[in-house]
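Thanks, everyone. Let me put the model up, and then we'll go through a few contacts.

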Amino acid sequence: MTIVPIVVAAPLLTAALIALAGKWLPHVVADAAGLAVTGLSLALASVLLARTSARLITYWFGGWRPRAGSFPVGIGWAVDRLGAGFALLVTCLLFAALAYSWRTMTEEHYLFVALLIVFGAAMAGFVLSGDIFNMFVFFELMSVAAFVLTAYQAEEASPLQGAFNFAVSNTLGAFLVLTGIALLYGRTGRLNLAAIGQTLTNQGRHDGLVAAAFALITCGFLVKAALVPFHFWLADAHATAPAPVCVLFSGVMVEVGIFAVARIYWTVFDGVLGEFQSPIRDVLLGVGVVTAVLGAVMAGAQRHLKRLLAYSTIAHAGCFMIGVALLTPDALGGVAAYIVAHAFAKGALFLCGGVLLTRFGEVDELLLHGSGRALPVSAIAWFAGALALASPPLLGTFTGHALIDDTASTMGYWWVPVVLAFATIGSTAAIVRAGLRVYAGAGDPDDPLLADEPGEAPPPQERASLGLMQAIALVLALAGLGVGAWTGLATRAVEAAHTFTDRISYAAVVLDHRALPPPPPETWHTTAASVAWAVVTLVGSAAVGAASVYRNRFPEPLTRALGAALAPLHAVHSGNIGDYVAWLVLGTGIVGGLLAVSVHGVL
Amino acid sequence: MTILPYLLAVWIFLVGLVGIVTSRNLIHLTVCVSICQSATYILLLAIGYKSHGTAPVFADIPTSRKVVDPVVQSLTLTDIVVAVAVSALLLALALKVFEAEGSLDPAEIAELKG
Amino acid sequence: MEPLQIVAMLYVALGALCVVLARDVVRQALVFSLYGFSLVVLFVVFQAPDVALSALVVSGIAYPLVLVGAIARCHGQRKGGGK
Amino acid sequence: MTTRVRLAIFSSGLVLVAALLVDGVSNLPPFGRYAGPYGDIVARLVEPQRHMANAVTAVVFDYRGFDTMGEELILFAAASAVALLLREMRDHDTSDLVEGIRSDALRGVGALAAIVTFVLALQVVAHGFITPGGGFQGGVVLSAAFALVFLTNEYRAYNRLASSSFAEPVEALGAGGYVFLGLLALALGFGFLENFLPFGVTGRLRSGGSAAIVNWSSALAVSGGFALIFSEYLQENVAVRHGRVGK
């Protein structure tokens, strides 16, 4: 399959060409080239997705395809259906982000386009890769591109150290991953995921080394996935980054971290740590639950719209983690469907925020009170996005949500639907509240529970077209709503998840060139419980959101109590990189320690 | 004794972390990040070392000679390039923060809250 | 383990500590360069000449130029009374 | 958060992380007993398969050349990033800067040193498949030659030789060239980045096949990338150090 490398190489080459000649070319050329090559990648990723329905496509770089059963000396990619689908999602969002920023940036615009393309290509390469060090390289490439996209055009008014905090946190996360890779290499002498997994399983040693490697790699990727207590950088980075970049950050970059945890677990550790599934599940579930709850609570206390959406992303990342942590194909398929709907809906919301910033030079909910009435298309996109995230019956994030809920309930985790509902209601209610204030002018222009934030300077404009920007936001929002109605997507995601989680078949295809056994065919069942939960989240989000615009009129003791409860949380999110790294180390110690203890007992 | 080089890597990593958390200057902090990263070079090279092995360059030695692992060395080379690239970028970000805030002390410039 | 390796490792271990403890950035840049050269020695005794050469050009050329550039920039501004 | 709270959080985390790491590394094979097999297999195969004397360079540019492509792109992204960030903060017009050094002797020495460094750099790159060295190491030395011109001949000469407007395309050309070579191999019916030229004789300068071209392309990307980074940082500096005429 020669198209596999082109999905990534063509955008990378184009990015270099744009950087090479962009200085002397009109902006339109860079924009057009970027859109064209992203369109090409999008088409190729679609072809890959179609061809992976019944097989796993392997590709060996440098022509180093090993003979069946012999040692892989080169770098191999193994494209499965979830990976191809993820790459397709990345290219879709990249296309939207490029179209949105069409003619909106001024200076050095060509470098912005080139770096955005590199960022997208790096994420696509990461999810397709089947080699652990190659994953690290693409991880770093996406990080470096992301750091500069965050800081680009950030001016004094905007909190610039957000980009610095983001860069340091993620770089440290990468070191954790690399240390884990080194440990695995020392034990197995291999870098191919399938080969490492097979060797570890055959050795059957689940000692401190395997535990530490698993813990370090997982924690390193959790930094990218923005799970508590590794999440601090996320809100800072989102507050600083331009809106189209936020679309990619929230829609796919955070999810890349989740994807990586799942990929590494099922290709490498599933065999050797199989008997410890239950304690591993509990640790990861714990991380997910804390993240989901904290994200939802913090979203309710933000007035800076992009920070609000960032905390909503943290809440959803917690829900994704809960789904992955169940360690079953059904829940993982649910997470995949959930991620798709979330990516489109959240992308639409960020673009609406960008439109507000362009039009009014402001993204503060209270200062914008009522001014959004001038932007009806944005208003529709905003509320459609909020509706998609509220997980209403058979729309938006519903299918993914329902799959996770149902799987958890059958496994005896009755409280998982409750946590998911809390996270959904909390984060969506905040979006509804902000939307009501900004676009409908509802409620009071004053709120005792919202944190004070530094403002944000509007991006430099050339001939930005508000019409085009709003249209893209609307298309994304409707796509986010629509994928929930398409239950075929959810069932295919579950089928794909069966292949994804089948370590033995994966290794057989990659190392021995065997054929992939077809996944069991799935059919969609809408359960009564999932519809009931969907109604709860929908009504809850709307009701809490509508009530929140009147928080100024809550009884004084109640607001004071709520404010007192929020104060320590605000204090913890200090914006100081030293604090963030301290939390990162503590998180690695606790999560890693718990994983290690559950794998091989007390030290 | 036989794990001493690995412990050296752990030591360097932890020392770097201490430096990052206690740092009062973003440039100082960036250098501490590089220290952390140098721990990964040492770990990789120590893992691939063979007693009495020579460097994997067969210019003057027969190919049958016992050599240390060339793969970890190649990984370390990549790692070094990444380190320099990230450091240069972090310093540029630090300068930009300085430009905006007039200070390099993370405690002074921490404006982001909640 | 060879004696030379142990000596080089000791230097690196101490060097890292000194870099972190040097709170003044100018002094730190100097100590960091020395630390870089101790890494070069360590890589040589670990039989990794390619890596040693990389570490040499990085700590002899790349880091000093970039660090001095960054430090001078901030110091120059500060003496001039900032922005 | 107060410093004391932060240190309490950090130190408790540090103890746990230290325990995790020590427990992990103490289960590695003892130092000096690398168990393989990846490195051993490559060390055995490299001469018969690829006619390259330096196994490390063979891994970097041939066996795992795709990783190195990612690495060049990281450098490309970082250098573009530095340019993007620092350029925004600087006045674009630097034509009225005062020349700092006026000694002709110093200039002469600087030029000589730059030429020597330049030749040395080409040596390091060219011998990559035979002796330690290669595109990255040589590339950095190459960029140092430009920096030498800057440091001794000051701003104007440097601006002619290696200003960012010159370094930027070089860097993009190198990184893009690497990707292009991958696609070229694909277009010729080989695998992406597959070595498609004769491998030559081990130990000769022209060994390495098309990986040698990849090596040069990488040297181009690295030297361009570092020259760009240096020039951005040093121009920052000159603008501050010399001030402007008439101000």
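Start with the salt bridge between D579(A) and R6(D). The closest N and O atoms there are 2.6 Å apart. Keep in mind that this is a predicted model. Between chain D and chain A, the count is 2 salt bridges.

Now the rest of that interface. On the chain D side, 61 residues touch 75 residues of chain A. The two chains bury about 5,700 Å² between them. Carbon and sulfur atoms give 74% of that area. Which residues of chain D lose the most area to chain A? They are L20(D), F66(D) and L84(D), together 12% of what that side buries.

Next, a helix pair inside chain A. The crossing of α8(A) and α22(A) is right-handed. From α8(A), the contact residues include F214(A), L216(A) and V223(A). From α22(A), they include L584(A), V591(A) and L595(A). The residues of this contact divide into 11 nonpolar, 4 polar and no charged.

Last stop, chain C. V66(C) sits in helix α3, residues 49-79. Is V66(C) buried or exposed? Buried, because its relative accessibility is 6%, under the 20% cut-off.

Conventions
Residues are numbered from 1 along each chain as its sequence is written. Chains are lettered from A and ligands numbered from 1 in the order in which they are written. This is a predicted model: local features need pLDDT of at least 70, side-chain atom pairs count only at pLDDT 80 or more; totals for chains, interfaces and linings use all residues. Side-chain values use heavy atoms; hydrogens and water are left out. Helices (H or I, at least four residues) and strands (E, at least two) are DSSP runs, numbered from the N terminus. Buried means under 20% relative accessible area, exposed over 50%, partly exposed in between (1.4 Å probe, protein chains only). A crossing is left-handed if the near helix is turned anticlockwise from the far one by less than a right angle, and right-handed if clockwise. Contact means heavy atoms within 4.5 Å. Ala, Val, Leu, Ile, Met, Phe, Trp, Tyr, Cys and Pro count as nonpolar, Asp, Glu, Lys and Arg as charged, and the others, Gly among them, as polar. Buried area is the accessible area (1.4 Å probe) that two parts lose on being put together, summed over both. A salt bridge is a side-chain nitrogen of Lys or Arg within 4 Å of a carboxyl oxygen of Asp or Glu.
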